[in-house]
Amino acid sequence: MEDTILDKLQRPLKDLRLSVTDRCNFRCRYCMPEEIFGPNYPFLASDKILSFHEMERLTRIFVSLGVRKVRITGGEPLLRRDLPELIRRLNLIDGLEDIAITTNGSLLKKSAPLLFDAGLRRVTVSLDSLDDERFNQLNGNKSKVARVLEGIQIASDAGLKVKVNMVVQKGKNDQDIIPMAKYFKENKHTLRFIEYMDVGNSNGWGMAEVMTKQEILNRIGEVMPLEKIKPNYVGEVATRYRYIDSDQEIGIISSVTDSFCSSCSRARISAEGKLYTCLFASKGYDLRHLLRSEESDDVITNKITDIWNHRKDRYSDERANGNSPRNSSKVEMSHIGG
């Protein structure tokens with residue numbers, strides 16, 4: 001197995017986010033607002049999306065370059081037919097240490113036991129409120145809270161370790177910070193709060209709607225005191241805190257006010273096989289063309305190596321310094337799974 005490759009800022013390639021579909025059954029305002037992603041939106045045709053064989057081949061190449069963790073994303077990944085088969089394939093790759101899925105949780109009730117049987121052990125569920133009215137406003141009126149909570153319970157009962165992600169928007173769902181914290185503390189699932197980010201071009205992002213890491217900490221700390229704890233590993237995106245009266249913890253992902261560009265080790269593959277070197281990237285590199293040509297694994301490996309060796313993305317740092325390009329087009333989060 002080859003040594004890990006480094007980018008221009010000496011950041012290693014360790015993590016791969018693999019999108020299996022650009023479709024989703026939710027229409028969350030910060031990701032896929034319905035007025036843009038409506039009935040006539042041109043989602044990818046099936047022949048444009050990577051097959052499981054192509055995803056497995058790409059993952060093997062990325063693992064040879066140092067990747068140890070793969071996260072399956074979308075769109076909503078559980079919409080991809082026969083997804084457990086991909087999990088089985090990836091589990092057979094020597095050197096791959098961890099596979100996880102990020103999902104909205106609405107389809108977990110049926111999928112969780114099948115995914116566990118296929119070898120999945122971790123799932124992250126996106127849930128932004130426990131209040132049905134607010135949850136419906138946020139997700140485009142596509143699901144009730146109970147459906148997601150039932151999926152979380154069934155996933156946990158099946159043996160999956162569950163984390164929950166909450167994107168916090170000031171004036172939209174910041175009143176749910178404490179109810180969410182209390183609920184998942186009591187139910188012993190790690191909750192991670194995410195600062196509202198300017199991903200893509202469709203969500204109308206503004207700094208006024210960002211609930212900062214410090215504001216989130218202050219609000220929780222007034223009710224349930226916290227202490228900071230060490231990261232699990234170098235490059236962990238969430239800052240970890242533990243409730244002082246418990247072994248339960250929370251995390252805060254603070255791309256806006258406390259950037260972690262300097263330790264970012266993630267590459268992203270969109271459903272149609274484009275490689276993106278940053279969540280805020282404006283362009284991707286077409287790997288599908290190489291996969292569907294007569295090119296060898298060595299040629300694809302060299303292409304990925306060259307792309308990563310020239311990587312110098314640090315968008316969140318530049319935003320914080322006032323240097324990010326204001327009008328640049330960015331890939332939509334729904335296309336590369338966040």
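Helices (H or I, at least four residues) and strands (E, at least two) are DSSP runs, numbered from the N terminus. The model is a predicted one, in which local features need pLDDT of at least 70 and side-chain atom pairs count only at pLDDT 80 or more, while totals for chains, interfaces and linings use all residues. Residues are numbered from 1 along each chain as its sequence is written, and side-chain values use heavy atoms, with hydrogens and water left out.

The structure holds 1 cavity of 30 Å³ or more, a cavity being a set of points, on a 1 Å grid over the protein atoms alone, where a 1.4 Å probe fits but cannot get out. The space in the largest cavity is about 30 Å³, where a volume is the space filled by probe spheres set on the points. Its lining, made of residues with an atom within 4 Å of a point, consists of K163, T190, R192, E236, A238, R240, E249, I250 and G251. Two or more of these residues come from each of β6 (190-195), β8 (238-243) and β9 (249-253), and β9 gives the most, with 3 residues. By class, the lining has 5 charged, 2 polar and 2 nonpolar residues, where Asp, Glu, Lys and Arg count as charged, Ala, Val, Leu, Ile, Met, Phe, Trp, Tyr, Cys and Pro as nonpolar, and the others, Gly among them, as polar.

How do the helices pack? Helix α3 (residues 108-117) and helix α5 (residues 145-158) have axes 8 Å apart and pack at an angle of about 20°, with axes being lines fitted to C-alpha atoms over the stretch in contact and angles running from 0 to 180 degrees between N-to-C directions. The two helices α3 and α5 are therefore roughly parallel to each other, since angles under 35 degrees count as roughly parallel, over 145 as roughly antiparallel, 65 to 115 as roughly perpendicular and the rest as oblique. Their contact (heavy atoms within 4.5 Å) is made by L108, K109, A112, P113 and F116 of α3 together with E150, G151, I152, I154, A155 and A158 of α5, and by class it has 8 nonpolar, 1 polar and 2 charged residues.

In the second pair, the axes of helix α6 (residues 177-186) and helix α7 (residues 213-223) come within 10 Å and cross at roughly 60°, and α6 and α7 are therefore oblique to each other. Here the contact is made by I177, I178 and K182 of α6 and by I216, R219, I220 and V223 of α7, with 5 nonpolar, no polar and 2 charged residues.

Terms used: 1 Å grid on protein atoms, 1.4 Å probe; cavity = no way out; pocket = protein on both sides within 12 Å on 5 of 7 lines; lining within 4 Å.
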